[in-house]
Amino acid sequence: MATGVLGPERADIGKGTLRQDRWWISPAVTFVVFTAFIVYSTWRAFSGANYYASPYLSPFYSPCLSTHCVAGASDFGQPLGFLPTWFSPALVILIFPLGFRLTCYYYRKAYYRAFWLSPAACAVPEPHKKYTGERRFPLILQNVHRWFFYAAFVIALILTYDAVIAFRNPQHEWGHMGLGTLILLANVVLIWLYTLSCHSCRHITGGRLRNFSKHPLRYRLWTFVSKLNGHHARFAWASLISVAVADFYVYLLATGAITDVRFF
């Protein structure tokens, strides 16, 4: 027996949807942008080259923990020296920010609609015959989102460090700033906005409190995060684009395609 929008208790409407607006534009744009980012990030992650142009390190490769990292790219030691030479250092690091984004509540909505059509939009029936939610494998793994948040928080701290040391020249002398400095700085700001506006962050700061008056500091944190949370989708898109732009800028510098614009 049919269920959902095709169930016997629902109105017998011949059309799939009565919506007259261009509801398909949003999932179509999401599909194109996500696909482009997946293709680009996969290429850059597996390339294992052109990710450092002193003093700039690509966010895809930060922190660089392998002994195969180019000279000057590793400031946190090289504990992954056992990795084979063909293994790109980015493949270890990207697991955490990628896992954080894949399990993000907003991104779930976005790619469920764009790739799985589950559903493609409100009041538009999905092609799937049954719905199990996120109670079975593999979607039950979405519940590890909070743990990826902790890892993403650490990554954001490291990217902040990268943005700070970008106020140097190629000889690592302090008191200089280039276009790359501004790009890495803008990227880390957007990364922080996206990370702190996360639903898990909001729950961690005040989700289990029964009485806010007894926890004034956590209440203020929860209020701040709640305000950011209202813009979480925008921060998700902006930070996705900024991290790709930052990586591509470093790539162009590393390949010699352009030279960094130095302001002072």
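The model is predicted: local features need pLDDT of at least 70, side-chain atom pairs count only at pLDDT 80 or more, and totals for chains, interfaces and linings use all residues. Residues are numbered from 1 along each chain as its sequence is written, and side-chain values use heavy atoms, with hydrogens and water left out.

## Annotated spans and helix α3

An unreviewed UniProt entry annotates residues 23-43, 86-107, 147-168, 174-194 and 235-254 as "transmembrane region". Such positions follow the numbering used here, feature names are shortened, and annotations may be inferred rather than shown by experiment. Helices (H or I, at least four residues) and strands (E, at least two) are DSSP runs, numbered from the N terminus. Residues 23-43 are 90% helix and 0% strand, and their end C-alpha atoms lie 32 Å apart. For residues 147-168, the end C-alpha atoms are 34 Å apart, with 86% helix and 0% strand.

Now look at helix α3, residues 95-102, where Gly99, Phe100 and Arg101 are buried. Buried means under 20% relative accessible area, exposed over 50%, and partly exposed in between (1.4 Å probe, protein chains only). The cover over the buried residues of α3 includes α4 (105-115), α5 (145-165), α6 (179-196) and α9 (232-255).

## Backbone details in the loops

The bond from Ser54 to Pro55 is cis, with omega near 5°, and Pro55 sits in the loop between β1 (52-53) and β2 (56-57). Ser118 and Pro119 are also joined by a cis bond, with omega about -15°; Pro119 belongs to the loop between α4 and α5.

Leu117 is in the loop between α4 and α5, and has a positive phi of about 55° although it is not a glycine. Its relative accessibility is 37%, so Leu117 counts as partly exposed. Asn50, in the loop between α1 (25-47) and β1, is not a glycine either, yet has a positive phi of about 60°. Asn50 counts as partly exposed because its relative accessibility is 32%.

## Pocket and cavities

On a 1 Å grid over the protein atoms alone, a cavity is a set of points where a 1.4 Å probe fits but cannot get out, and a pocket is an open set with protein on both sides within 12 Å along at least five of seven lines; lining residues have an atom within 4 Å of a point. Grid points are joined across faces, edges and corners, and a volume is the space filled by probe spheres set on the points.

By this rule there are two cavities of 30 Å³ or more. In the table, Ala, Val, Leu, Ile, Met, Phe, Trp, Tyr, Cys and Pro count as nonpolar, Asp, Glu, Lys and Arg as charged, and the others, Gly among them, as polar.

| Space | Volume | Lining by class |
|---|---|---|
| Second largest pocket | about 660 Å³ | 25 nonpolar, three polar, one charged residues |
| Largest cavity | about 90 Å³ | nine nonpolar, three polar, three charged residues |
| Second largest cavity | about 40 Å³ | five nonpolar, two polar, one charged residues |

Among the 29 residues lining the second largest pocket, Phe37, Pro97, Leu98, Arg101 and Leu240 lie nearest its centre. Helix α1 gives the most to this pocket's lining, with seven residues.

Which residues lie nearest the centre of the largest cavity? They are Leu57, Ala73, Asp75, Asp162 and Ile165. The lining of the second largest cavity includes Leu57 and Asp162, and its largest share, three residues, comes from α5.

Methods
Contact means heavy atoms within 4.5 Å.
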